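Let's walk through this protein together, starting with a single side chain and working out to the whole fold. Keep the viewer open as you read.

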Amino acid sequence: MGDAQEYQLDRKDVQILNELQRDGRIANTRLAELVNLSPSAVLARVQRLTREGFILGYEARLNPNKLDAALLIFVEVFLDRTVSNVFNDFKYAIKDRPEILECHMVAGGFDYLLKTRHRSMEGYREFAGRVLWDMPGVRETRTFAVMEEVKDTPLLDIRPTRVLR
């Protein structure tokens, strides 16, 4: 990491990031009150944190139970390594699938872990048969239907620390 620039997150930066994680729609004046800075100072810090890549964007968290996507399924994917460019082809095919919320290449007994959402088990079976099993290089899958979501949070545990860009 020879030429990476280092940025020191101070206590105020961490407070701002924590508040924005909890409520990305918070008014700048309210955020300024909570972190005990002027609105202009908070705005400048938020702009810097965004510019430096600490803040990637803002989005609404939607309720999948109300939007016909209540069934959460994790899928282990095993790829056929004998096919050339199998990893790149698989990654390319995954990107445009709205049912797939997350896709992670992992170390261990399989290649990728997918987090998917569906209206029902029938909807998942349709997705698996029509889409997943026809993706480039897929040799085998293992499906894990979630019975209960015990914890689901996008919040990161951040503290003042030295951070590399």
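Is Arg142 buried, partly exposed or exposed? Arg142 is partly exposed, because its relative accessible area is 42%, and the class runs between two cut-offs: buried means under 20% relative accessible area and exposed means over 50%, with a 1.4 Å probe and protein chains only. Before going further, please note that this is a predicted model, in which local features need pLDDT of at least 70, side-chain atom pairs count only at pLDDT 80 or more, and totals for chains, interfaces and linings use all residues. Residues are numbered from 1 along each chain as its sequence is written, and side-chain values use heavy atoms, with hydrogens and water left out.

Now look at the partner of Arg142. Its side chain meets that of Glu76 in a salt bridge, at 3.5 Å from N to O; the term stands for a side-chain nitrogen of Lys or Arg within 4 Å of a carboxyl oxygen of Asp or Glu. This pair links distant parts of the chain, with Glu76 in strand β2 and Arg142 in strand β5 (residues 138-145), 66 residues apart. Helices (H or I, at least four residues) and strands (E, at least two) are DSSP runs, numbered from the N terminus. Glu76 counts as buried because its relative accessibility is 13%. Leaving aside neighbours within four places in sequence, Glu76 is in contact (heavy atoms within 4.5 Å) with Phe110, Tyr112, Leu113, Glu140, Thr141, Arg142 and Phe144.

A second bridge to find is the one between Arg81 and Asp111, where the closest N and O atoms are 2.3 Å apart. Here two loops are linked: Arg81 sits between β2 and α4 (86-94), and Asp111 between β3 (100-105) and β4 (112-118), with 30 residues separating the pair. The two partners differ in their surroundings. Arg81 is exposed, with a relative accessible area of 57%, whereas Asp111 counts as buried at 5% relative accessibility.

The side chains of Asp13 and Arg45 meet in a salt bridge, 2.8 Å from N to O. Asp13 belongs to helix α1 (residues 11-22) and Arg45 to helix α3, so the pair ties together parts that lie 32 residues apart in sequence. Both Asp13 and Arg45 are buried. This pair also takes part in a network of salt bridges that links Asp10, Asp13, Arg45 and Arg48. In total, the structure holds 15 salt bridges.

Asn36 counts as exposed because its relative accessibility is 64%. Phi of Asp68 is also near 60°, again positive in a residue other than glycine. Asp68 is found in the loop between α3 (39-51) and β2 (71-79), and is exposed, with a relative accessible area of 54%. Leaving aside its neighbours within four places in sequence, Asp68 is in contact with His118 and Arg119.

Finally, zoom out to the whole protein. Its secondary structure comes to five helices and six strands, and from the N terminus on the elements run β-α-α-α-β-α-β-β-α-β-β. The radius of gyration is 20 Å, well over the 15 Å that the globule rule gives for 165 residues, so the protein is more spread out than a compact globule. That radius is taken over C-alpha atoms, and the rule is 2.2 Å times the number of residues to the power 0.38. Along the principal axes, the C-alpha atoms fill a box of roughly 55 × 45 × 25 Å. Of the 165 residues, 32% count as buried. Among contacts with a separation of 6 or more, residues 24 or more positions apart account for 68%.
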